[in-house]
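Here are a few notes to read alongside the model. Take them point by point, with the structure open.

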Amino acid sequence: MAKIGVFTCWCGENIARNVDVDKVSEAIAKLPGVGCSMNYKYMCSEPGQSLIATKIRELGLTGVVVASCSPHMHLKTFRKTCELAGINPYLIEMANIREQCSWVHSDKEVATAKAIELIGMAVEKVRRNHALQPIRVPVTKRALVIGAGVAGIQAALDVASGGVEVVLVEREPSVGGKMAGLSETFPTLDCSQCILTPRMVEVGQHPNIKLMTYSEVEKVDGYVGNFKVTIRQKARYVDIAKCTGCGSCWNACPKKNKIPNSFDYNLGNRGAIYIPFPQAVPARPTIDPDNCMRLQSMKNGKELCGICAKKCQTNAINFHDEEKFVEVEVGAIIVATGYQLYSIKKEQENPRIKGYAEYGYGKYPDVVDSLQFERIISASGPTGGEPKRPSDGKTPKSVVFIQCVGSRDNAKGITYCSKICCMYTAKHTMLFKHKVHDGTASVFYMDIRSGGKMYDEFVRRAIEQDGAKYYRGRVSKIEQVMVDGERKYRCYGADTLKGTPVVVDADMVVLAGAIMPSSGVTQLAQKLSVGYNEYGFLSESHPKLRPVETNAAGVFVCGACQGPKDIPETVAQASAAAGKALIMLSQPELTREPEIATIDEKLCAACGACVKACPYQAISIEEIRDRKGNFIKKTSRVNPGLCMGCGTCVAVCPSKSADLIGFTDDQVYAQIESLADVF
């Protein structure tokens with residue numbers, strides 16, 4: 001006979017403010033099967049958990065209902081408490097009377113009545129719960145890190161230093177990501193290259209890291225602990241095992257310094273065979289097939305040029321190289337695919353997001369974005385660190401910086417703050433003033449958001465010590481004008497603090513574009529079965545308790561692919577993701593929640609509706625044969641390692657042969673029937 005203990009939490013005042021917890025306890029005590037009904041101010045605290053454990057032992061409870069917050073917060077906590085007290089952890093249910101009751105009702109009487117109903121439903125469900133055992137799966141002790149910017153580098157090094165093999169995949173020819181192109185970093189103004197390049201070298205030399213640059217993830221199969229990942233290695237046309245990186249090939253290329261270099265955001269040039277930047281890892285060249293005269297001529301049966309191959313002393317050039325597909329088995333995946341800037345001049349991949357044609361980006365050569373400005377003032381940039389206008393190479397004496405270009409602008413389709421723009425704009429004004437002492441830096445901003453250690457002091461330094469002029473207001477348009485025979489860019493803005501319009505003529509304009517996920521991240525997310533929001537940022541499992549985990553077991557996220565971040569936060573999150581992966585991979589086997597789908601093979605007609613509907617590819621059609629091998633019928637079967645218990649298959653099954661352990665029809669109907677008297 002069921003003997004259920006119900007424990008109602010006050011949650012401080014979160015629940016008790018709008019729910020009469022004493023009245024709830026009294027009402028629940030009268031329900032059939034309830035052997036104990038109590039309330040406590042903080043049920044998740046040590047005294048609260050001890051109260052539950054004590055009552056389980058004293059009264060011999062067969063099931064537990066905790067009425068408190070969302071089960072996403074503390075279900076594991078209370079399951080552990082019950083398990084230690086001698087009850088199977090799956091004989092506990094949580095009734096959410098905080099988010100679904102107290103927080104959404106102001107009438108205490110109504111909220112109390114609803115709380116009683118929610119708890120009553122949980123009681124009916126737990127009466128029909130069964131003792132379950134976790135699913136155990138083997139573990140492949142190897143991790144995959146996708147993306148080799150500062151986040152991917154940090155994650156890969158941490159996992160590798162923990163004694164686990166790492167496959168680090170980067171789609172560009174070199175590791176380093178966006179940080180490799182920065183000049184200096186806020187708030188210390190230390191050299192970006194000095195921080196990052198030693199880590200890049202370490203990644204390339206670490207014995208536990210297999211580095212796969214110029215490669216992309218093509219396909220992901222399997223499940224947590226046992227992923228099979230197909231990686232596409234693009235044709236590099238250079239054997240990096242033979243190549244010594246001497247430079248003879250790229251120095252001899254007839255197209256040297258004639259092709260826009262994407263690492264410099266097309267402000268500098270490179271050849272058809274190139275390394276992206278001098279500090280690249282691996283320091284080995286790549287041939288651009290779209291611009292190589294030899295590769296283009298081979299399409300027509302000819303063999304033009306080929307000077308790079310003639311200059312190569314190690315025969316590392318291979319014009320017949322082809323892309324390869326490599327399959328690796330890993331136990332955990334860390335996604336660190338970084339960010340890109342909002343495309344200011346045109347629409348994004350997302351059609352709801354519009355550009356800023358009124359700013360003339362792409363039309364006026366001296367209107368640049370923030371990453372282009374980074375390369376202009378970087379010592380390794382196309383101008384050697386000297387501020388030069390792209391149009392004529394002259395030193396700009398006045399620069400206008402415009403913040404929130406795309407960010408916090410509902411009209412353009414982006415509502416969020418990009419978090420780092422205020423800081424790097426302040427940095428840009430400082431670096432400009434340090435190089436052009438008599439220059440003028442003007443900043444148009446909406447609000448200054450400088451939340452971080454020494455961040456606000458950094459912005460104040462830009463204004464008070466380096467003399468940057470800050471105008472609180474937006475720029476409506478930019479037009480090119482001639483002033484005394486000089487090309488200028490007239491910015492029409494406003495100073496809302498003074499309540500006056502502002503017009504500034506500048507030699508150059510820098511636009512702080514919104515931070516957005518890298519291109520192609522949504523397609524990757526679909527391969528990994530990871531959720532993402534309307535902008536393409538990958539979704540974490542819980543923003544507070546599981547900030548680097550996803551709802552796809554074994555897949556972790558870090559860095560700007562999850563949301564806009566500065567470098568310190570990115571590195572911290574990368575180490576957190578690495579730590580989570582190491583914890584998982586340190587186990588001899590993994591345990592998974594047993595609340596997954598199940599198929600009644602006697603009823604299944606093998607129609608395939610569940611196979612098509614399953615978002616995790618956890619269901620397949622298989623044959624049933626007798627002991628002699630004779631075919632009997634086909635049926636759907638669930639892979640317990642892949643199933644996430646979403647219940648989609650149950651909803652679409654026409655024969656009602658699919659069910660969800662822990663959420664069976666019998667349990668759900670019992671919950672509904674407990675409310676029958678209400679309706």
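1. Start with Leu91, which is buried at a relative accessible area of 15% (buried means under 20%, exposed over 50%, partly exposed in between, with a 1.4 Å probe and protein chains only). Keep in mind that this is a predicted model, where local features need pLDDT of at least 70, side-chain atom pairs count only at pLDDT 80 or more, and totals for chains, interfaces and linings use all residues. Residues are numbered from 1 along each chain as its sequence is written, and side-chain values use heavy atoms, leaving out hydrogens and water.

2. Leu91 sits in the loop between helix H3 (71-84) and strand E4 (92-96). Leaving aside residues up to four places away in sequence, Leu91 touches Thr62, Gly63, Val64, Val126, Asn129, His130 and Ala131 (contact means heavy atoms within 4.5 Å).

3. Now the helix pair: H5 (residues 150-161) packs against H6 (residues 192-205) at about 50 degrees, with the axes 10 Å apart. That makes H5 oblique to H6 (under 35 degrees is roughly parallel, over 145 roughly antiparallel, 65 to 115 roughly perpendicular, and the rest oblique).

4. Which residues in H5 meet H6? Val150, Ile153, Gln154 and Leu157 do, against Leu196, Arg199, Met200, Glu202 and Val203 in H6.

5. Last, the sheet: 5 strands form an open sheet in the order E10-E7-E6-E18-E29, with parallel pairing (strands pair if DSSP finds at least two bridges between them). Its edge strands are E10 (209-213) and E29 (555-557).

Terms used: Axes fitted to C-alpha atoms, helices over the stretch in contact; angles between N-to-C directions. Helix = DSSP H or I, 4+ residues; strand = E, 2+ residues; numbered from the N terminus.
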